[in-house]
Amino acid sequence: MQALIAFLDKSTARTAILTGLGMAAVVGTALLFEHVGGYLPCKLCLEQRMPYYIGAPLMLLTAYAGAAGAPASLIRIALLVGAAIAAFSLYLGVKHTGVEYGWW
């Protein structure tokens, strides 16, 4: 228990938890729009969700690994992978927006 409390005091833990929960909230909202709101997603919408399906569990697993005592370098690498996933998601979002507005 002491290790968990000590880990949660670190900024890496807060980063991993907030990123994981944020990614889960984004994809959860998209799924609510689809299944509750009745909005049918296009192919690009479905493609844009993939980074969230991978990133959210990865970030929450990173937070768990840190609490379990994983090396700090491993946690930092996992956070960098999460950042790369988020950057790829940004790319997909800009691509999707450009297609929707006819920019390309």
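View 1. Arginine 49 is buried, with a relative accessible area of 8% (buried means under 20%, exposed over 50% and partly exposed in between, using a 1.4 Å probe and protein chains only). This is a predicted model, in which local features need pLDDT of at least 70 and side-chain atom pairs count only at pLDDT 80 or more, while totals for chains, interfaces and linings use all residues. Residues are numbered from 1 along each chain as its sequence is written, and side-chain values use heavy atoms, leaving out hydrogens and water. The side chain of arginine 49 meets that of glutamate 34 in a salt bridge of 2.6 Å, N to O (a side-chain nitrogen of Lys or Arg within 4 Å of a carboxyl oxygen of Asp or Glu). Setting aside residues up to four places away in sequence, glutamate 34 touches Tyr39, Pro41 and Arg49 (contact means heavy atoms within 4.5 Å).

View 2. The whole structure holds two salt bridges. One of them joins the side chains of lysine 95 and glutamate 47, at 3.5 Å from N to O. This pair links distant parts of the chain, with lysine 95 in helix H4 and glutamate 47 in helix H3, 48 residues apart. Lysine 95 is partly exposed, with a relative accessible area of 27%. Glutamate 47 also counts as partly exposed, at 30% relative accessibility.

**View 3. The packing of helix H2 on helix H3.** Helix H2 covers residues 11-35 and helix H3 covers residues 43-67. The two helices pack at an angle of about 145°, and their axes are 8 Å apart (axes are lines fitted to C-alpha atoms, for helices over the stretch in contact, and angles run from 0 to 180 degrees between N-to-C directions). On the H2 side, the residues that meet H3 include Ala16, Gly20, Met23, Val27 and Glu34. On the H3 side, they include Arg49, Tyr52, Gly55, Ala56, Met59 and Thr62. The buried residues of H2 are Ala13, Ala16, Gly20, Met23 and Val27. H2 has 25 residues and reaches 35 Å from its first C-alpha to its last, close to the 36 Å expected at 1.5 Å a residue (the expected span is 1.5 Å times one less than the number of residues).

**View 4. Helix H3 and its threonine 62.** Buried residues of H3 include Leu44, Pro51, Tyr52, Gly55, Met59, Ala63 and Gly66. Threonine 62 lies in H3 and is buried, with a relative accessible area of 3%. What does threonine 62 touch, leaving aside its neighbours within four places in sequence? Its contacts are Ala16, Ile75 and Ala78. At 1.5 Å a residue, the 25 residues of H3 should span 36 Å, and the end C-alpha atoms are 38 Å apart, which agrees. Just after H3, glycine 69 takes a positive phi of about 100°.

**View 5. Helix H4 and its buried residues.** Helix H4 runs over residues 72-101, and its 30 residues should span 44 Å at 1.5 Å a residue. The C-alpha atoms at its ends are 43 Å apart, which agrees with that span. Ile75, Ala78, Leu79, Gly82, Ile85, Ser89, Leu92, Gly93, His96 and Gly98 are the buried residues of H4. What covers them includes H2 and H3.

**View 6. The end of helix H4.** Glycine 98 lies in helix H4 and is buried, with a relative accessible area of 0%. Glycine 98 touches Trp103 and Trp104, not counting residues up to four places away in sequence. The C-alpha atoms of glycine 98 and isoleucine 75 are separated by 35 Å, and these residues are 23 residues apart along the chain. Just after H4, glycine 102 takes a positive phi of about 75°.

View 7. Lysine 10 sits in the loop between helix H1 (2-8) and H2. Is lysine 10 buried or partly exposed? At 47% relative accessibility, lysine 10 counts as partly exposed. Its C-alpha atom is separated by 19 Å from that of alanine 56, a residue 46 residues apart from lysine 10 along the chain.

Note on methods: Helix = DSSP H or I, 4+ residues; strand = E, 2+ residues; numbered from the N terminus.
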